[in-house]
Amino acid sequence: MDREILFRGKRMDNGKWVEGWYCPKKTGHYEGDSFVEEMQSVIIASMTGGGYQYAVVDPRTVCQYTGLTDRNGKKIFVGDIVEDKHGNLYKAFWQENYYQFSFICIKSKNNFLKDAKWALWSLSKNDELSFCGNIFDNPALLEGGAE
């Protein structure tokens with residue numbers, strides 16, 4: 001299998017996106033004589049020039065790379081929103097019951113398409129998808145955006 005496994009998350013310290021490998025990290029603190037264990041979501045990124053850096057990220061924003069790019073080469077992650085050549089908007093998500101990345105139509109002038117789900121590969125074949133945003137930075141797109 002020749003697929004890049006990559007994650008993205010928003011840093012807790014400055015809110016910027018970081019890409020890399022996802023690694024939950026155990027931390028904790030003492031309360032009296034008891035150690036209270038906590039989990040942090042961490043993205044480990046390789047640095048230019050060698051070595052690695054890590055960033056603690058908001059666990060609610062951790063998204064996996066789907067293996068797909070838009071027509072401009074931008075990587076599409078779960079939670080990203082893309083637009084096709086007809087103006088329809090789709091959200092990328094993991095479809096648990098089929099064990100695959102999929103798209104759901106969140107905005108369309110065609111009522112038949114609204115809320116319809118497709119396997120990721122079925123829409124990506126036409127090379128007409130363009131990145132619009134994501135559900136974290138652009139929540140208005142989930143309501144269908146401006147008509």
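This is a predicted model: local features need pLDDT of at least 70, side-chain atom pairs count only at pLDDT 80 or more; totals for chains, interfaces and linings use all residues.
Reader: Let's start with the open sheet. What is the order of its 5 strands?

Author: The order is β10-β9-β8-β7-β11. The pairing is antiparallel.

Reader: Which strands stand at the edges?

Author: β10 (117-119) and β11 (130-134) do. Each has a single partner strand, so one side of each is left without a neighbour in the sheet.

Reader: And what does the twist average?

Author: From one strand to the next, the twist averages 35°.

Reader: How many bridges join β9 to β10?

Author: There are 3 bridges between them. β9 covers residues 100-107, and the two strands run antiparallel. As an example of facing residues, S102 stands opposite A119 in β10.

Reader: What holds strands of a sheet together in general?

Author: Strands pair through backbone hydrogen bonds, in a parallel or an antiparallel way.

Reader: OK, go to the start of the chain. How do β1 and β2 pair?

Author: They pair in the antiparallel sense, over 4 bridges. Together they form a hairpin, with 6 residues between them. In the turn, G15 has a positive phi of about 75°.

Reader: What stands opposite R8 in β2?

Author: E19 does. R8 also has a bridge partner in β5, namely C63.

Reader: Where does R8 lie relative to W17?

Author: R8 lies over the face of W17, at 4.5 Å from the ring centre.

Reader: Which ring does the charged end of K74 sit over?

Author: The ring of F131. The distance from its centre is 4.6 Å.

Reader: New topic: rings. How many aromatic pairs does the structure hold?

Author: It holds 7. Take F7 and Y22 as one of them. Their ring centres are 5.7 Å apart and their planes are at 45°, so the pair is tilted.

Reader: Why does 45° make it tilted?

Author: Planes under 30 degrees apart count as stacked and planes over 60 as edge-to-face, so the 45° of F7 and Y22 falls into the tilted class.

Reader: Where are F7 and Y22 in the chain?

Author: F7 is in strand β1 (residues 7-10), and Y22 is in strand β2 (residues 17-31). They are 15 residues apart, and the pair links distant parts of the chain.

Reader: Is F7 buried or exposed?

Author: F7 counts as buried, at 19% relative accessibility. Y22 is partly exposed, with a relative accessible area of 32%.

Reader: What about the rings of W17 and F136?

Author: That pair is tilted too. The centres are 5.8 Å apart and the planes are at 55°. W17 lies in β2 and F136 in the segment after β11, so the pair ties together parts that are 119 residues apart in sequence. W17 counts as partly exposed at 27% relative accessibility. F136 counts as partly exposed, also at 27%.

Reader: Which residues form an aromatic cluster?

Author: Y90, F103 and W118 form one. Two of these names come back in the core: Y90 and F103.

Reader: How many residues has the largest nonpolar core?

Author: It has 17. Those with the most contacts inside it are L68, V82, Y90 and F103. β5, β6 (75-77), β8 (89-95), β9 and α1 (120-124) each supply at least two residues of this core.

Reader: Now cysteines. How many disulfides does a search find?

Author: The search covers the whole structure and finds 0.

Reader: Last one. Where is Y99 found?

Author: Y99 is in the loop between β8 and β9. Its phi is near 55°, a positive value in a residue other than glycine. Y99 is exposed, with a relative accessible area of 62%. D115 also has a positive phi, near 70°. The place of D115 is the loop between β9 and β10.

Terms used:
Residues are numbered from 1 along each chain as its sequence is written. Side-chain values use heavy atoms; hydrogens and water are left out. Two strands pair if DSSP finds at least two bridges between them. Axes are lines fitted to C-alpha atoms, for helices over the stretch in contact, and angles run from 0 to 180 degrees between N-to-C directions. Rings of Phe, Tyr and Trp (its six-membered ring) pair if their centres lie within 6.5 Å; planes under 30 degrees apart count as stacked, over 60 as edge-to-face and the rest as tilted. Buried means under 20% relative accessible area, exposed over 50%, partly exposed in between (1.4 Å probe, protein chains only). A charge sits over a ring if NZ of Lys or CZ of Arg is within 6 Å of the ring centre and within 35 degrees of the ring normal. A disulfide is a pair of cysteine sulfur atoms within 2.5 Å. A nonpolar core is a set of buried Ala, Val, Leu, Ile, Met, Phe, Trp, Tyr and Cys residues joined through side-chain atoms within 4.5 Å.
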